[in-house]
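Trainee: Could you walk me through this one while I have it open on the screen?
Mentor: Gladly, let us look at it together.

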Amino acid sequence: MYDVVVIGGGPAGMAAAIRARDLGLRVLLLDDNDYLGGILPQCIHPGFGIHYFKEELTGPEFAYKLMSNLEGVEVKTSARVLEIINYSDIEKFVVYTSPEGVKKVPTRTIIYAAGARERHAFEIGIVGDRVSGIYTAGEAQTLMDIYGIMPGKEIVIVGSGDVGLIMARRFSLEGARVKAVIELMPYPGGLARNIMILRDFNIPLYLSHKVVEVRGRGRVERVKVVKVDENLREIPGSEFWIKADTLVISAGLIPNVRLLSDIGVVIDPSTGGPVVNDRLETSIPGIFVAGNALLINDLVDYVAEQGELAAEGAKEFIDNGGILSKHWIKIEKGENIRLVAPHYVSGERDVWLYARVRRPMENVVLEFPEIGKRIRLPVVKPAEMLRIKLRAKEIREAENKITIRVIEND
Amino acid sequence: MTKVYRFTCIVCPLSCTIEVEMEGGKIKDIKGYTCPRGKEWAIEEVINPKRVVMSVVPVEGGKLPTVSVKTERPIPKDKIPELMSMLAKIKVKAPVKIGDVIAEFEGVKIIATREA
């Protein structure tokens with residue numbers, strides 16, 4: 001019997017496995033890829049690790065630091081989990097398939113760190129010919145930066161989130177021409193440091209526009225773009241075509257939670273990930289979640305931090321036969337808060353809250369009215385996750401709920 | 001002739017809009033910054049913008065078909081195309097370790113960031 005089976009060998013899973021091992025637990029780490037690291041090995045740009053390792057690293061370097069610290073952890077790659085069986089609160093099974101065959105292993109706890117998937121063309125309303133040359137940004141990145149294959153020469157990118165912008169740079173560096181980045185919202189989706197890429201390579205950004213149609217024979221030949229109004233409705237007569245051989249979709253990530261929702265774990269529609277308490281435990285006792293499977297993070301540093309937290313939760317669960325708390329206090333979303341996790345806090349420990357706003361605002365107060373906490377912020381943006389520490393003492397001042405809201409500074 | 005450069009500062013999440021006014025290759029005015037680091041960054045962006053550059057090069061006999069590389073330190077922005085054409089001609093043989101020097105470009109080391 002394992003103490004913890006970690007599902008997913010990316011930064012969240014590896015950080016969880018390392019921490020669990022350090023806490024003396026018997027750990028099995030499973031990943032369905034044939035190499036560890038999740039998406040990090042293909043994120044070859046710098047900007048990782050400033051908080052977690054206190055130095056700036058590329059994705060592969062960040063992954064390597066974790067990979068080389070897995071001694072004492074049983075690791076299986078090419079191992080795809082098929083099913084989680086919650087036999088009881090204190091005994092679970094993980095069924096996985098690997099080159100050794102199908103195995104069913106018993107475990108006391110599970111840390112689910114299976115990351116996220118990308119939204120694809122059909123999910124954002126793009127119609128037209130079913131041609132080759134349509135990739136998600138992550139697929140294009142895998143092709144270029146793992147396998148060394150150029151996906152195309154004349155590129156249109158849908159979405160100005162970080163992965164899309166980073167791929168715009170990679171395409172430009174490798175000699176392809178990025179003809180446009182098309183963003184539905186009236187503001188760019190990525191971090192400021194990535195928006196700079198557009199200026200560096202003279203790439204036009206179309207805000208309040210969407211790609212609606214793809215045409216081509218066998219291969220993408222042109223894409224149709226249309227302007228949208230403030231309610232995101234298409235403006236008739238504003239259509240135009242861009243010639244391109246490749247369409248790259250960078251329209252956001254969705255936590256990969258199917259194995260959890262299959263067994264009835266409660267999912268928060270706003271994060272797309274499970275509802276969790278301050279130990280990152282899901283609604284099924286003994287099943288913890290970390291990283292992009294919990295909520296979409298901007299920084300890998302937070303992903304690794306969540307992995308460690310989940311491992312500490314697993315340790316507490318095993319030691320006490322469950323996560324003990326006398327009273328759960330609910331975190332409620334107030335004005336201009338699109339999502340927040342964790343969803344329940346105990347007041348028995350300090351907690352990092354991760355939250356995102358709905359729309360950009362300047363000169364604001366981030367407020368927790370029930371406990372009288374106020375933080376002034378010059379600017380908030382949907383692209384930049386807010387990470388706020390609530391102290392145990394502060395949390396205990398609330399009775400049943402703590403609201404988080406962003407209001408104008410008066 | 002004066003020319004105005006507008007930047008969104010990336011030194012911190014504040015994202016200040018900084019304007020640098022240049023006249024005859026000299027800074028005439030700079031405004032919009034809220035900290036000295038931002039001011040320094042904006043001046044550097046106008047006078048001598050630099051970037052860390054990353055790419056992949058093919059590997060023979062490795063676990064993966066490519067190895068990722070980066071410049072050891074930022075290089076002048078206008079040198080990037082030259083560096084990329086040099087990298088396009090390079091092939092390496094496994095094994096490669098993280099930190100191995102794959103090539104050199106105008107005194108700047110190109111180092112491997114992934115094992116192969």
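Mentor: Of the 410 residues of chain A, 56% count as buried, where buried means under 20% relative accessible area, exposed means over 50% and partly exposed lies in between, with a 1.4 Å probe and protein chains only. This is a predicted model, in which local features need pLDDT of at least 70 and side-chain atom pairs count only at pLDDT 80 or more, while totals for chains, interfaces and linings use all residues. Residues are numbered from 1 along each chain as its sequence is written, chains are lettered from A and ligands numbered from 1 in the order in which they are written, and side-chain values use heavy atoms, with hydrogens and water left out.

Trainee: How many helices and strands does chain A have?
Mentor: Chain A has 8 helices and 28 strands, taken as DSSP runs numbered from the N terminus, with helices being H or I of at least four residues and strands E of at least two.

Trainee: And why call chain A as compact as a globular protein of that length?
Mentor: Its radius of gyration is 22 Å, close to the 22 Å that the globule rule gives for 410 residues, so chain A is as compact as a globular protein of that length. The radius is taken over C-alpha atoms, and the rule is 2.2 Å times the number of residues to the power 0.38. Along the principal axes, the C-alpha atoms of chain A fill a box of roughly 65 × 60 × 40 Å.

Trainee: What share of the contacts in chain A comes from residues 24 or more positions apart?
Mentor: Among contacts with a separation of 6 or more, such pairs account for 61% in chain A, a contact being heavy atoms within 4.5 Å.

Trainee: Let's switch to helices; at what angle do α4(A) and α5(A) pack?
Mentor: Helix α4 (residues 162–173) and helix α5 (residues 192–200) of chain A pack at about 35 degrees, with their axes 9 Å apart. Axes here are lines fitted to C-alpha atoms, for helices over the stretch in contact, and angles run from 0 to 180 degrees between N-to-C directions. On the α4(A) side the contact involves Asp162(A), Leu165(A), Ile166(A) and Arg169(A), which meet Asn194(A), Ile195(A), Ile197(A) and Leu198(A) of α5(A).

Trainee: What kinds of residues are those?
Mentor: The residues of the contact of α4(A) with α5(A) divide into 5 nonpolar, 1 polar and 2 charged, where Ala, Val, Leu, Ile, Met, Phe, Trp, Tyr, Cys and Pro count as nonpolar, Asp, Glu, Lys and Arg as charged, and the others, Gly among them, as polar.

Trainee: Where does α3(A) come in?
Mentor: Helix α3 (residues 137–145) of chain A crosses α4(A) at roughly 35 degrees, and their axes come within 10 Å. The residues in that contact include Met144(A) of α3(A) and Phe171(A) of α4(A), and the contact of α3(A) with α4(A) divides into 7 nonpolar, 3 polar and 2 charged residues.

Trainee: Now the sheet with β24(A); what is the strand order?
Mentor: It is an open sheet of 3 strands in the order β22-β24-β27 of chain A, with antiparallel pairing, and two strands pair if DSSP finds at least two bridges between them. The edge strands are β22 (337–341) and β27 (386–390) of chain A, each pairing on one side only. Neighbouring strands of this sheet are turned by 25 degrees against each other on average, direction ignored. Helix α7 (residues 300–320) of chain A packs on the sheet and touches β24 and β27 of chain A, its direction making about 140 degrees with that of β24(A).

Trainee: How many bridges join β24(A) to β27(A)?
Mentor: There are 5 bridges between β24 (residues 351–357) of chain A and β27(A), and the partner of Tyr354(A) in β27(A) is Arg387(A).

Trainee: Which peptide bond is cis around Pro342(A)?
Mentor: The bond from Ala341(A) to Pro342(A) is cis, with omega near -5 degrees, and Pro342(A) lies in the loop between β22 and β23 (344–345) of chain A. In chain B, the bond from Ala94(B) to Pro95(B) is also cis, with omega near 0 degrees.

Trainee: Last one: is Leu280(A) buried or exposed?
Mentor: Leu280(A) counts as buried because its relative accessibility is 1%, and it has a positive phi of about 60 degrees although it is not a glycine. Glu106(B) has a positive phi too, near 45 degrees, but Glu106(B) is exposed, with a relative accessible area of 51%.
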